[in-house]
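Hi,

Here is the structure I promised to send over.

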Amino acid sequence: MEQKVPEKRQRISTLGQIGLQQFAPYLMNRIMGRYNATLRDDFRKQGLTIPQVRTLAVLSVTDGVTVNDLSVYTVIEQSTLSRTLDTLEGQGLVRREQGVTDSRIRHVFLTDDGRAEFTRAWPAMHDAFEAMFDDVDDAEYAALIATLLKMLKNIRKHDI
């Protein structure tokens with residue numbers, strides 16, 4: 001017996017037909033742009049940038065990752081991340097250590113001062129997160145997360 005391969009659903013083919021308000025990448029960019037703009041002023045008062053806080057946030061959850069993995073987790077290009085890490089290391093907020101088995105690999109760790117700095121940044125992030133999901137119930141939120149994870153799986157180039 002022949003197995004049928006399921007056909008991929010064809011979506012509308014032009015942006016004009018879809019419309020900006022129905023084009024998910026556009027909406028995701030608008031949402032993240034607004035989220036980052038909301039936080040930028042709060043972080044600036046702490047002397048931090050969005051890439052710096054994003055780095056501290058990832059390390060607060062996944063400490064000791066390689067620079068390459070940190071670039072993926074933070075969605076920061078390697079060159080920008082390198083400058084960000086130089087600044088954070090200079091401020092004593094992170095430290096980089098050489099890999100045990102491969103000296104070319106660097107692992108990044110949050111220092112106690114870095115953890116304290118992120119703890120100061122977190123309330124603004126949490127408030128912006130809560131505002132973004134005002135009037136979104138738990139089921140809608142769970143469905144959104146499930147959809148986003150499925151989308152990420154569809155497009156990702158890394159195992160993380």
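Start with Met 125: if you skip its neighbours within four places in sequence, Met 125 is in contact with Tyr 35, Leu 39, Phe 43, Val 53, Ala 57 and Phe 118. Keep in mind that this is a predicted model.

Met 125 also shows up in the largest nonpolar core, which has 26 residues. Among those, Met 125 is one of the six that touch the most other members, along with Leu 39, Phe 43, Leu 56, Leu 70 and Val 94. As for which elements give two or more residues to this core, you'll find helix 2 (24-45), helix 3 (50-61), helix 4 (67-74), helix 5 (78-90), strand 3 (106-110) and helix 6 (112-132). Helix 3 gives the most, with six residues. As a general point, nonpolar side chains in soluble globular proteins tend to be buried together.

Now for the charged side chains. How many salt bridges are there? The count comes to six. One of them joins Asp 41 and Arg 44, at 3.2 Å from N to O. Both of these residues sit in helix 2, three residues apart, or about one turn of the helix. Asp 41 is partly exposed, with a relative accessible area of 44%, and Arg 44 counts as exposed at 53%.

Another salt bridge pairs Arg 95 with Glu 97, at 2.7 Å from N to O. Here Arg 95 is partly exposed at 37% relative accessible area, and Glu 97 is partly exposed too, at 32%. Then there is Arg 104, whose salt bridge goes to Asp 102, with the closest N and O atoms 2.8 Å apart. Arg 104 counts as exposed, with 72% relative accessibility. Finally, Asp 86, Glu 89 and Arg 96 are linked in a network of salt bridges.

One more thing to look at is on the surface. Met 28, Leu 144, Ile 145, Leu 148, Leu 149, Met 151, Leu 152 and Ile 155 form a nonpolar patch there, and together they have about 660 Å² of accessible area. Which helix gives the most to the nonpolar patch? That is helix 7 (residues 138-155), with seven residues.

Cheers

Notes. Residues numbered from 1 in each chain as written. Predicted model: local features only at pLDDT ≥ 70, side-chain atom pairs only at ≥ 80, totals over all residues. Heavy atoms only, no water. Core = buried A, V, L, I, M, F, W, Y, C linked by side-chain atoms within 4.5 Å. Buried < 20%, exposed > 50% of the residue type's maximum accessible area, 1.4 Å probe, protein only. Helix = DSSP H or I, 4+ residues; strand = E, 2+ residues; numbered from the N terminus. Contact = heavy atoms within 4.5 Å. Salt bridge = Lys/Arg side-chain N within 4 Å of Asp/Glu carboxyl O. Patch = residues over 30% accessible without salt bridge, like charges linked within 9 Å, V, L, I, M, F, W, Y side chains within 5 Å. Areas by Shrake-Rupley, 256 points an atom, 1.4 Å probe, with all protein chains shown as cover.
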